[in-house]
Each structure stands twice: as C-alpha cells, then as structure tokens.
Amino acid sequence: MKDHLTDLLFNVIKQLTDKLSQSQIIIDRPKLIEHGDFSTNIALILSKILKKPPRDIAELILNQLPETTHFNKIEIAGAGFLNFFLSPFSHQTIINQVMKEKDNYGSNKNGQNHKIQVEFVSANPTGPLHVGHGRGAAIGDSIARLFKFSGWEVTREFYYNDAGAQIDNLMRSVKSHCLNIKPNDKNFPEDGYRGSYIADIAKDYLAKKSIKCAGQNIQASGDVNNEDSIRIFSIAYLRNEQDTDLEAFQTTFDIYTLESDLYKNHKVDFVVETLIKEGHTYEKDGALWLKTTKFGDDKDRVMKKSDGDFTYFVPDVAYHFDKWTRGFIRVINEQGADHHSTISRVRAGLQGLNKNIPSGWPEYVLHQMITVMRNGAEVKISKRAGSYVTLKDLIDEVGCDATRYFLAARRSDSQLIFDIDLAKSQSNDNPVYYIQYAHARIEGVLNQWGGERNKLSIDSIYNFRSLAEKKLIKRLSEFPEVVVQATEELAPHQITNFLKDCAAELHSYYNDSKFLVDDELTKLSRLTLIYAAQCVIKNGLRLLGISAPKKM
RNA sequence: CUGCCCGUAGCUCAAUCGGAUAGAGCACCAGCCUUCUAAGCUGGGGGUUACAGGUUCGAUUCCUGUCGGGCAGGCCA
C-alpha cells in the first residue's frame, strides 16, 4: 500500500520537478486517526524546490492524483500535509489478508534467506544467570525471532568463556569449600566466588555425583586434589544450571561455542600469527601489543601478557573470525553495556587480519544496567548468588511471560527499573495481562459463536463505520511495517508498544460493540475483524516469546 | 581526567531514524456490569521534553556548552 501510494505521488511530482527522486517521498503513519491512515509531508519538502507555499503545492498534487479505490478521502491539513483515508474496500483487503496469512501475517522476505547469527547471553560459567543475562536473553531471543520472521536464516549462539583466570578462580573457590574453608575464612581465595552455589557444587563433587552437560555425563571424581576434575565438574554443573534457567525462560540456542575449543583447534594461534605477519603488532615491556590505534582505538592493547597468557579479547577476535568464515553476512552481538570497550578491540583485530571484513562488522546491541525494585527499595542480593539477583528468582516469582515482557519492553540503551511488585500483580496494572487478556477475550467470543473460524472473511458489501473499528483496522495494517522497523533497528520493544496499543483498541472495540448480534452480515464481519486482531496479537506475542493464552 | 549511553507528567516508560495539539500505563478524581471474560471501558486534572545557545518552514530528535545519573578505561574478565 505504501509503495502504491509512493508510485501515485511520484507520477504526479515528476511533472512538477525532476529534482526529487522516488526515495525521497516518505509516507508516514500518523499517530492520530483524524490525520488519516497515511500521510506525507512531501509538499513541505517541495516548497523549497518550487519556491511556493506548501499548501499550494499540496493542492496541486491533490488535483492531479488519479481516482483510486484504495482511498475515499484525501485532504490537506496543517502546514501542508496530505492525509489519506482508507476506503471500505481497503479495509476488507487488509482484514482478508490477515485471514489469508494467519500465523505468517506480518512476516516478510527481506532477509532473502541470508545467514545471520545472533549471539546473546554468553554468560561465564562461574555462577547462576542474573537479571542482566535475563535482559540479554529477552532482547537477543526476540531479535532472533524478528530476523527469522523477516526471512533470514538465523543461528542463535551462546559463547562460553570457559578458559582464563575466572575459571581458575571458580575452581579454587570450589576446592576451598571441599577443604571446608568457608568464604569468611582467611584462607578462602580473596577474589573467590562467595555465593552459596559454590557450596552446592562442592557438596555434589565430594558425593561423586554426575552432571549432564551438552549431552555428556560428567562424573565427579571426589578427589580434592584433582584440580582438573574439580574444574570440569564445576563448569558442567553451572552450565547445566544455566541451561535449565534458560529453558524455563523459553530461550534456546542452536550452537554453543567454547573459548577453550578456540585454543584447542589453534584458531587463537592463527589469529595471532596473522596479526604478526600483517605487521600490526610490536613487543614492549616483554608483552605483545596490537596496534589497535590504527583502527580507531584510543590506545594500543596488550595481546599477550608478559607471563605468556593472552588477554581476553584475543580469543574473542578468533571467535569472530570463525563466525566470518562460517559465512554470516551479519552478526549481532547482544551484550551488557559494561562490555562496550571490547567492540573497538574486536573490530580492530578483525581489520588487522586483512580479510576484507567490513569495518562495522559485527554489529552490537548493548543493553544498559537493571535495577530491581521491591516494596519501593532496591533489591541487590539473592540467597543463591549472594551479590546479585538471579534470573531464576525472577522467573519463579513473577513468571516467564511477565519477566520476558518487562525485560524486552524498554529500549536497550536506557537503564531500566524492574518493579517486581508491578510485574507480579495480576491486575490491570500489568501490561502483559492486558495484552494476553485481549487475546483470551476474543477466544471466548469465537468459542461462543462456535462457527468455523477459518472460513471467516469480509464480504464486499459490509462497511466498517465506527471509530473503534477504523482504529483497530489501521493498527492491524501497520503490523508488517512495525516488524520491519523493529528488525532494522534491532529494537524488540517496538513490538511490545505495538501490542499494548493494539490490545487497547481491541478492548475499546469490545466495550463499544456487540459481536454476537442477530444480523448475520454484521456478526460475521465483526467476528472476522476480531479474529484478525487475535492473529496479530498472537504473532506479536510469539515474536517476544510470550504465550497467548486462550483462557484467563 | 577521557570515551560511550541516558535525562520527557508525582512514578515507570513511548514518541514512526527532523513533522501536525509530546503520548500510554500506574497513582489521583468522576462515571459504566440482569447483555459475548470489569485482568475491561468512558471522561478529567497533571509538561518551559535537565539547563543555555545554535541550525530551519518546523527540534524531544541534529550541533556546541553546562549540570546530573550509569558504564567503561590498568599486562583486566
């Protein structure tokens, strides 16, 4: 419809000037229904070129526009906006299209089956997942769903930092517990992990339990002096726990990549050798440095420490080069904002490899920090993790749907306050239930009607007249555009906003009109409209990984 | 000190990548259930978009500066 309108306008404008390309014609969806279903500011833009008042130009365009069945009113408003109002014929077309596409309504093929990878959560296996990981999971998973809905071939990936100092730290913390050295003891590792989960791991380790991890059973030896065994068991234990939490959060991954594997199969070595060969490194103070300043960083970074270990970003570069060789034309990394300094290093490292990787590759979505509130006060600790609120706490207390909703409902680059009391309340305070309730209400009406809902469609004779109907239809027609934009901007919160608006219009309509009326044509038309609305709400909720209940 | 993000109603947040009267929800006030789910609807009050300049037909949006909050910056994950 937008394209059609652009064509119409361009044909007229061509005759007025040749200084405007078709891509400069922007069709907006006005916020207010009084401003129509579509609008354009093209007359305002042309007024500069043609040196005429915008309203005059708008009138000129209006008079030249050919008759069309799509609109029954076009008017000039405000400073010179052209507003278009959809005809009953268009209303039918929109609703019937939803009926035809059902679960696919709103999807598109923009991705052309190109390969894209979304990496998210990627928590270190050193403790339970916290709220921040939850935000990453909610946003990252929704982004992956959006891309899939937009015709991309999506791979969801989780990266485990299972090598490096923090893992050694984990091992020493567990070992201390095994030796009955507690966190408040002098001999407990100073930077050790102090949550109660460490004691649980130690207990299971000593009991020689076995843990399932990545399809394998990992058996604890129970030997306090076998540090390798402790390390392997601890990682397996925590990975298993994280997997369980993510499953409860309706979040799945296609591939798990281990940092340790990048060392094992020499991908790290390859990257280091290549960077040396390309002349982007130098030695200083017994360490190997990468000239990241060549690629826009504000200072050079150490790659290999004087003790021979690599700094953390080196395997990161190797990992991303691996992604590149796997053929992803786009890679989206969803991370907490505390990682933002890695962006320039990873990109610099990739540039240094001289493999024609685009400078803006990979892309990053960074989410800001979260404050959890209860009873008006900040919650900082959990029983299990000690120093932070775990994702499991939230899921257990407020449920998966509400947790996902609240963590995805905000722009990722603003800090968010997670109000446990609000998320928990099963009342009108809670937008999740507000949306789900709209879905369930429609289900109730359709059930009472009892007819064959898949045969519903709009008969050409029927006209939707009420404001509530027009608003709802307009909203449904916008869904495909919202999907496109939310995908392009990597912003799933636009879907939550859309759903809230859509649900509001449905509820208004519900109170405004009765659906199961005597007149057959009216009844079927209205039922078709609300069934279409139900499809849209369901599709939107699915993009967020939130359930669409039939009864509440 | 330097870089990145943010600052919008009492609170939590939007605002279609420069558009029309800055919108929702919560809270507050007044109404609506013998009729398809009241977890709902209708109406009302509430704003110098942190502040000061600039760019133009037009700025919450772009630029500069100031103030305030968060994050990051070390041979560190």
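**Domain layout, cores and local backbone features of chain A**

The C-alpha centres of domain 1 and domain 3 lie 66 Å apart. Chain A is divided into domain 1 (2-86), domain 2 (91-109 + 428-544) and domain 3 (165-248), with bounds that come from an automatic or database domain assignment. The model is predicted, so local features need pLDDT of at least 70 and side-chain atom pairs count only at pLDDT 80 or more, while totals for chains, interfaces and linings use all residues. Residues are numbered from 1 along each chain as its sequence is written, chains are lettered from A and ligands numbered from 1 in the order in which they are written, and side-chain values use heavy atoms, with hydrogens and water left out.

Along its principal axes, the C-alpha trace of chain A spans about 85 × 60 × 40 Å. The chain holds 19 helices and 17 strands; these are DSSP runs numbered from the N terminus, with helices being H or I of at least four residues and strands E of at least two. Of the 552 residues, 53% count as buried (buried means under 20% relative accessible area, exposed over 50%, partly exposed in between, with a 1.4 Å probe and protein chains only). Among contacts (heavy atoms within 4.5 Å) between residues at least 6 apart in sequence, 69% join residues at least 24 apart.

The largest nonpolar core contains 111 residues, of which L9, I61, V121, F418 and I495 touch the most other members. Such a core is a set of buried Ala, Val, Leu, Ile, Met, Phe, Trp, Tyr and Cys residues joined through side-chain atoms within 4.5 Å. Helix 19 (residues 520-544) gives the most to this core, with twelve residues. Because domain 1 (2-86) and domain 2 (91-109 + 428-544) both give residues to the core, it lies between them. A second, separate core has 27 residues, including V272, F310, F313 and I343. Residues up to four places away in sequence aside, F418 touches I370, T371, V372, M373, L394, V398, T403, F406, L407 and A423.

The axes of helix 16 (residues 431-449) and helix 18 (residues 493-512) come within 9 Å and cross at roughly 45°. Axes are lines fitted to C-alpha atoms, for helices over the stretch in contact, and angles run from 0 to 180 degrees between N-to-C directions. Helix 16 is therefore oblique to helix 18; angles under 35 degrees count as roughly parallel, over 145 as roughly antiparallel, 65 to 115 as roughly perpendicular and the rest as oblique. Residues of helix 16 in the contact include Y434, Y437, R441 and V445, and those of helix 18 include L499, A503, H507 and Y510.

Most residues other than glycine have a negative phi, and most peptide bonds are trans. The peptide bond from W361 to P362 is cis, with omega near -5°, and P362 is found in the loop between helix 12 (341-352) and strand 14 (363-367). S122, not a glycine, has a positive phi of about 40°. The loop between strand 5 (115-119) and helix 5 (131-149) holds S122, which counts as buried at 17% relative accessibility. H266, also not a glycine, has a positive phi of about 65°. H266 lies in the loop between helix 9 (259-264) and helix 10 (267-277) and is exposed, with a relative accessible area of 51%.
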